[in-house]
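Thanks, everyone. Let me put the structure up, and then I'll walk through it.

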Amino acid sequence: MRKKIIIGNWKMNHTISETSKYIKEFNKLLKNENLKLDFGIAAPFVCLPEAKQTIKDLKSKMILSAQDCHFEKAGAFTGCISYEQLKDMAIKYVIVGHSERRAMFNDTDEIVNKKLLALVNSKMIPILCVGEALEEREAKQQNKVVTNQLKKNLKGIDKEQMKSIIIAYEPVWAIGTGKSATMEDAVSMCKHIRKTIASIYDDETAKKVRIQYGGSVNDTNVKAYLSNEDIDGALVGGASLDASKFLKLLKEVY
Ligand code: PGA
């Protein structure tokens, strides 16, 4: 049985002081809850040390993720943060290939592949985002697009490494738009992703991989998505920015 996992992707939101305030408030509200899922936040780089310390001080079970990394260990890459620097900070989870990175920062499939390889070789846990654009869905090309992304992004990753990777299906047209995918479309794509992993690797590997849905997930639709056995969690943007609202969303699931 795959354990559900919900990660709140803060994107470029919250300052350092807001970060500790958020985690403290979240933890206080969480006190009497027994959430049976994995949950956490993907905070901006500058907020990670404060988040890490606050989580440690409060003995919180919150997972801490980064939103991206560079695939080189170190070097002349002005403005970048390497996987090694994150590892040194004991950050295990890293989002890779988010559609905003692909669209605005030229994260090609080849670059995403290099980031994934760097992370799994360091025993870190990537959250790989894949998903089609609106025109591609309208042209009924979504399965083909996602298959291509998976094949290119997962090149050189072996079976054991694959089991540690989390995949987030995020249709680009559903991100930050309030237009979430229908249940049918989300389930059908998550099944397609699992089938593709089975064809690249095998059934046993495919069964182990957790596949999230992301794109306008909120406290009114999260339960329906996650009650489906093919959807193992969610990547939540806007609805994760407020601690009490995010906790309300998590409580909807269990
Ligand atoms: P959203 O973002 O929930 O605001 O649509 C999701 C994401 O980008 O991961």
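**Strands first, then the ligand**

Start with β6 and strand β7, residues 210–214: the two pair in the parallel sense, over four bridges. Keep in mind that this is a predicted model.

Which way do the residues of β6 point? Strand β6 covers residues 166–169. I166 and A168 point one way. I167 and Y169 point the other way. Buried, all of them.

On to the ligand. How many residues surround the ligand? The count is 13, and the closest are K11, H98, E170, G176 and S216. By type, the shell divides into four nonpolar, seven polar and two charged residues.

E170 places a polar side-chain atom 2.7 Å from an oxygen atom of the ligand. G176 uses its backbone: an N or O atom there lies 2.6 Å from a ligand oxygen. G238 also comes in through a polar backbone atom, 2.9 Å from an oxygen atom of the ligand. And the cover? Taken alone, the ligand exposes 280 Å², and the protein buries 95% of that.

Last stop, helix α1, residues 16–30, which holds S20. Is S20 buried or exposed? Its relative accessible area is 9%, so S20 counts as buried, the cut-off being under 20%. Beyond its neighbours within four places in sequence, S20 is in contact with E50 and T54.

Key
Residues numbered from 1 in each chain as written. Predicted model: local features only at pLDDT ≥ 70, side-chain atom pairs only at ≥ 80, totals over all residues. Heavy atoms only, no water. Near = heavy atom within 4 Å. Polar contact = N/O pair within 3.5 Å; in protein donor to acceptor, adjacent residues only side chain to side chain. Areas by Shrake-Rupley, 256 points an atom, 1.4 Å probe, with all protein chains shown as cover. Nonpolar A, V, L, I, M, F, W, Y, C, P; charged D, E, K, R; others polar. Buried < 20%, exposed > 50% of the residue type's maximum accessible area, 1.4 Å probe, protein only. Contact = heavy atoms within 4.5 Å. Pairing = 2+ DSSP bridges.
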